[in-house]
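Please look over the sequence and the structure shown below before reading on.

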Amino acid sequence: MTMPPSSELPAEDALARWQRYAKACAERARSAATWLPRGRLTRVAGLVMEAVGIKLPVGSSCHIVLPNGHSVEAEVVGFNGGKLFLMPVAEVYGLEPGAQVVAYEDFSNRVPRFDSSLSPSRRVEDRGRQVGVGPKLLGRVLDGLGRPLDRLGDVQVESHVPLFSRPFNPLDRVPVHDVLDVGVRAINALLTVGRGQRLGLFAGSGVGKSVLLGMMARYTTADVVVVGLIGERGREVKDFIENILGEEGLRRSVVVAAPADTPPLLRLHGAAYATAIAEHYRDQGLNVLLIMDSLTRYAMAQREIALAIGEPPATKGYPPSVFAKLPALVERAGNGREGGGSITAFYTVLSEGDDQQDPIADNARAILDGHIVLSRHLADAGHYPAIDIEQSISRVMTDIIAPQEYDQVRRFKQLYSRYQRSRDLINVGAYVRGSDPLLDEAIQRMPAMEAFLQQGIFERESYQGARMRLAGLFPG
């Protein structure tokens, strides 16, 4: 586009012509097609794909064009020289050798051009995937990319935030000092939860952890509940939403589901997306309950990815990156800054074969603020919820309850533990009453203590009610 000569025009006419010329150039630039980086696919082996001829940062999104004109979305998970390692977020059927790899059309939004006004840390943060958040997510069921699964139409979002946020300065966090009522008697009284605490729910398969999570989702005094169903069976996803969470619970919840049949990258994104939604509501000053089922499936998804791109296995087949990813996810929960909201998080940990020394279970205990262990022995005996009080602990309980209340908790655990150690002697009649005064008291109080620990699925017990019932067990 050339500018006509204007040497003989008056100064005013020349200026107006130059302004019209600049406006036309701007319009032409806005309507021009955006140039997108392109490359080609050279290898597909299992979960990992390799591409050459294109340079994208780790975490960037791209799509691989299929012969029929459709495309498969993928994400850059690593590189080796000029070779990119890609991981799909959908099935890869139909891909051909040499298929075109194209950066996403909204690449300029996902990976912005250099802006000197941004700090280096902010520029790094904004280079990853952005996800939608907002108040209209409540009551919706989404997948790991934020797409609706509930057939209720498009998801209306208010803004976009990074899928993976920067680490939180620990000195900026408000300490845990308020009790959170979760509606479960045994937890409220004996494993008191603090607002902003992060706990693990350790259990094998089929001992009632999903039902217990549903009770807490319905009864916990929180403004918003965010549920991440990661790597679970598809049947369990529908069952949890309709029967366990229920219509009342879903009304104030956001559910992010990435079932077991989805690619591992989508499972990782599902956990990160649920956490990002919880962070958004926390930044709005709300108190959020985050439920993640399960942390083990998240670790397994990362293991699949790491092994596929060549990372060596370390502990029982888990590469080192798995043990780096777990604290990075968990540390995003917790209290916010002064005057802000909080995220109280429950992460389920699947103990394979009921082995509490499983590497993921052992690592999770180290990075969480407490753990609740569910016992298969109690579940088989019809004891619900099947919480093993002896193996469970809340690490912030001593900071949020009064000393006399903690004395009652210690007394309960002492009697319960003494009875359990002598149960076989008592059952066969080998114990002589009067030999141990503490055990005599435990035998006398055991029926009331067992009744205290059990609770119906649709029964809610407030924190104050649980404390009063515990105090009633030890009058005086």
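## Two helices side by side

At roughly what angle do the axes of helix α15 and helix α16 cross? In this predicted model, the axes of α15, which covers residues 437-453, and α16, which covers residues 463-473, cross at roughly 175° and come within 11 Å. Angles over 145 degrees count as roughly antiparallel, and α15 and α16 are therefore roughly antiparallel to each other.

On the side of α15, the contact is made by Arg445, Ala448, Ala451 and Phe452, while α16 contributes Ala466, Arg469, Leu470 and Leu473. Sorted by class, the contact of α15 with α16 has six nonpolar and two charged residues, and no polar ones.

## The protein as a whole

The protein contains 16 helices and 19 strands, and 51% of its 476 residues count as buried. Among the contacts with a separation of 6 or more, 71% are accounted for by residues 24 or more positions apart.

In soluble globular proteins, nonpolar side chains tend to be buried together. The largest nonpolar core here has 64 residues, and those with the most contacts inside it are Ile187, Leu190, Phe346, Phe412 and Leu470. Helix α15 gives the most to this core, with seven residues, and the core draws at least three residues from each of domain 2 (130-401) and domain 3 (405-473). A second, separate core has 56 residues, including Leu266, Val288, Val349 and Val373.

Which residues does Leu190 touch, if those up to four places away in sequence are not counted? They are Ile389, Met397, Val409, Phe412, Lys413, Phe452, Leu453 and Leu470.

Is Ile389 buried or exposed? Its relative accessible area is 1%, and since buried means under 20%, Ile389 is buried. Leaving aside neighbours within four places in sequence, Ile389 is in contact with Leu190, Leu191, Lys413 and Leu453. Ile389 and Ile372 are 17 residues apart in sequence, and their C-alpha atoms are 8.0 Å apart in space.

Arg467, found in helix α16, is buried as well, with a relative accessible area of 5%. Apart from neighbours within four places in sequence, Arg467 is in contact with Asn188, Ala189, Thr192, Glu405, Gln408 and Val409.

## Two other places in the chain

Gly139 lies in the loop between β7 (130-133) and β8 (141-142). Although Gly139 and Arg252 are 113 residues apart along the chain, their C-alpha atoms are separated by 6.1 Å. When residues up to four places away in sequence are not counted, Gly139 touches Asp150, Leu250, Arg251 and Ser253.

Val48 is found in strand β2, which covers residues 48-52, and at 5% relative accessibility Val48 counts as buried. With neighbours within four places in sequence left aside, Val48 is in contact with Arg43, Phe85, Leu86, Met87, Ala308 and Ile309. Val48 and Ala74 are 26 residues apart in sequence, with a C-alpha to C-alpha distance of 9.9 Å.

Key. Residues are numbered from 1 along each chain as its sequence is written. This is a predicted model: local features need pLDDT of at least 70, side-chain atom pairs count only at pLDDT 80 or more; totals for chains, interfaces and linings use all residues. Side-chain values use heavy atoms; hydrogens and water are left out. Axes are lines fitted to C-alpha atoms, for helices over the stretch in contact, and angles run from 0 to 180 degrees between N-to-C directions. Helices (H or I, at least four residues) and strands (E, at least two) are DSSP runs, numbered from the N terminus. Angles under 35 degrees count as roughly parallel, over 145 as roughly antiparallel, 65 to 115 as roughly perpendicular and the rest as oblique. Contact means heavy atoms within 4.5 Å. Ala, Val, Leu, Ile, Met, Phe, Trp, Tyr, Cys and Pro count as nonpolar, Asp, Glu, Lys and Arg as charged, and the others, Gly among them, as polar. A nonpolar core is a set of buried Ala, Val, Leu, Ile, Met, Phe, Trp, Tyr and Cys residues joined through side-chain atoms within 4.5 Å. Buried means under 20% relative accessible area, exposed over 50%, partly exposed in between (1.4 Å probe, protein chains only). Domain bounds come from an automatic or database domain assignment.
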